[in-house]
Amino acid sequence: MQNLITPYNRFVNRTFDAFLAPLQGLGSHAEILAVAAVLGIVAAALFALLVARERLQRARNDLWAALAEIGLYRHDPVLVLLAQRSLVLANLRYIGTLLPPLIAALLTISPLLIQAHYRFALKPIPRGSEILLTALVTGSTSEFGHLNLKLEWAQGTGIVGPSVREPGRRRIVWRLHPQSSGRHLLHIGGRGETVEFPLYVGEFSGSIPPVRQAGGLEQLLLPRSIPLPPGSPFSRIYVDYPAAAPMRMVWLTFFSLFFAFATNRIVRSCLNKRRG
C-alpha cells in the first residue's frame with residue numbers, strides 16, 4: 001500500500017507547488033485566492049455535471065407537498081402519519097440524489113484541502129524562540145531506559161537543550177532553540193540508525209510538514225511528510241508548529257463559497273439557455 005501512497009503524495013505535492021509557483025512573489029493572500037478559486041469551481045462544476053436536476057426538483061416538490069399535507073390535515077392523525085411517511089421518503093430521495101456528487105466532490109477536493117492546511121494553517125517557528133521536538137520510540141519500556149538517543153543539527157544553526165524522557169510512554173522530548181531562518185535539518189540517532197527531520201524557522205515560505213511517522217493509510221493525510229523507514233527506532237517524530245492567523249482559513253472558506261456560487265449560477269444560466 002505504501003508503494004502506491006508515496007508516489008501519489010509526491011505527484012499531488014508537485015502539482016500543488018507548480019500551481020502556486022507563479023504566485024510565489026505575490027504573498028499568501030494571492031495563493032489563498034487561487035486555491036479558493038480552484039476549490040469552489042471544481043466543487044460547483046462536479047455538482048452541475050453529476051446532479052440529476054429533474055430528479056432533485058421532483059424530490060423537492062414532494063418535500064413541500066408532504067409538509068403542506070401535514071399542515072392541512074393536522075387534525076387527522078392517520079393522514080398526518082401518512083404525510084410524515086411521504087416526507088421521510090422524499091428526504092431520502094433528495095439525499096440520494098445529492099450523495100454521488102457530494103462524494104465525488106469530497107474525493108476530488110480533499111487532497112487540495114489537505115495541501116491548503118499545511119500551506120496556510122501553520123506558520124514557521126519564530127527565530128530564536130524555543131520549540132519542543134517529541135520522538136516516540138519503538139520497543140519495550142525496559143529497552144527504552146538503556147537506549148542512547150542523540151539529536152544534532154545537520155543543516156541550519158541552533159541549540160539543542162536538555163531532553164526529558166518518559167519511559168512509560170517511550171517518549172523523549174528535546175528543547176530546541178533555532179538561531180537562523182529557513183529550512184533546517186536535524187539528525188536523530190538511535191540503535192545505530194539516523195533519521196532526518198526538517199524544521200522550518202523564521203521567514204520560510206512554503207508548506208510545513210509537522211510530523212514523520214511509520215507509513216500507512218494515515219500518510220494520505222500527511223502528504224508533505226516522508227514516512228519513517230521500516231525498522232526505524234522511532235514510530236513518530238513531531239513538532240507542534242504555531243497556528244497561523246485564523247483569518248487565512250476563513251478567507252479560504254469565504255472565497256471558495258463565493259467561487260462555487262458564482263460558478264453554479266453560470267452553469268445554471270448556460271443550462272437554461274440550452275433548454276430555451
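Gly-189 stands opposite Thr-194 in strand E6 of this predicted model. Strands E5 and E6 pair in the antiparallel sense over 9 bridges; two strands count as paired if DSSP finds at least two bridges between them. Helices (H or I, at least four residues) and strands (E, at least two) are DSSP runs, numbered from the N terminus. Residues are numbered from 1 along each chain as its sequence is written, and side-chain values use heavy atoms, without hydrogens and water. Because the model is predicted, local features need pLDDT of at least 70 and side-chain atom pairs count only at pLDDT 80 or more, whereas totals for chains, interfaces and linings use all residues.

E5 and E6 belong to an open sheet of 3 strands, in the order E2-E5-E6, with antiparallel pairing. Strand E2 (150–155) and E6 stand at the edges; each has a single partner strand, so one side of each lacks a neighbour in the sheet. Neighbouring strands of this sheet are turned by 30 degrees against each other on average, direction ignored.

Strand E8 (residues 234–239) is joined to strand E1 (residues 131–137) by 5 bridges, and the two run antiparallel. Phe-234 in E8 is the bridge partner of Val-137. E8 is also joined to E7, by 3 bridges, again antiparallel. Here Tyr-238 in E8 partners Val-211.

Helix H2 (residues 28–50) packs on helix H4 (residues 77–121) at an angle of about 170 degrees, with the axes 8 Å apart. That makes H2 roughly antiparallel to H4. Axes are lines fitted to C-alpha atoms, for helices over the stretch in contact, and angles run from 0 to 180 degrees between N-to-C directions. Angles under 35 degrees count as roughly parallel, over 145 as roughly antiparallel, 65 to 115 as roughly perpendicular and the rest as oblique. Contact means heavy atoms within 4.5 Å. Residues of H2 that meet H4 include Val-35, Leu-39 and Leu-46. The H4 side includes Leu-102, Ile-109 and Phe-120. By class, the contact has 18 nonpolar, 2 polar and 2 charged residues. Ala, Val, Leu, Ile, Met, Phe, Trp, Tyr, Cys and Pro count as nonpolar, Asp, Glu, Lys and Arg as charged, and the others, Gly among them, as polar.

Helix H1 (2–20), E5 (182–190), E6 (193–201) and E7 (211–213) each supply at least two residues to the lining of the second largest pocket. H1 gives the most, with 6 residues. The lining divides into 9 nonpolar, 5 polar and 7 charged residues.
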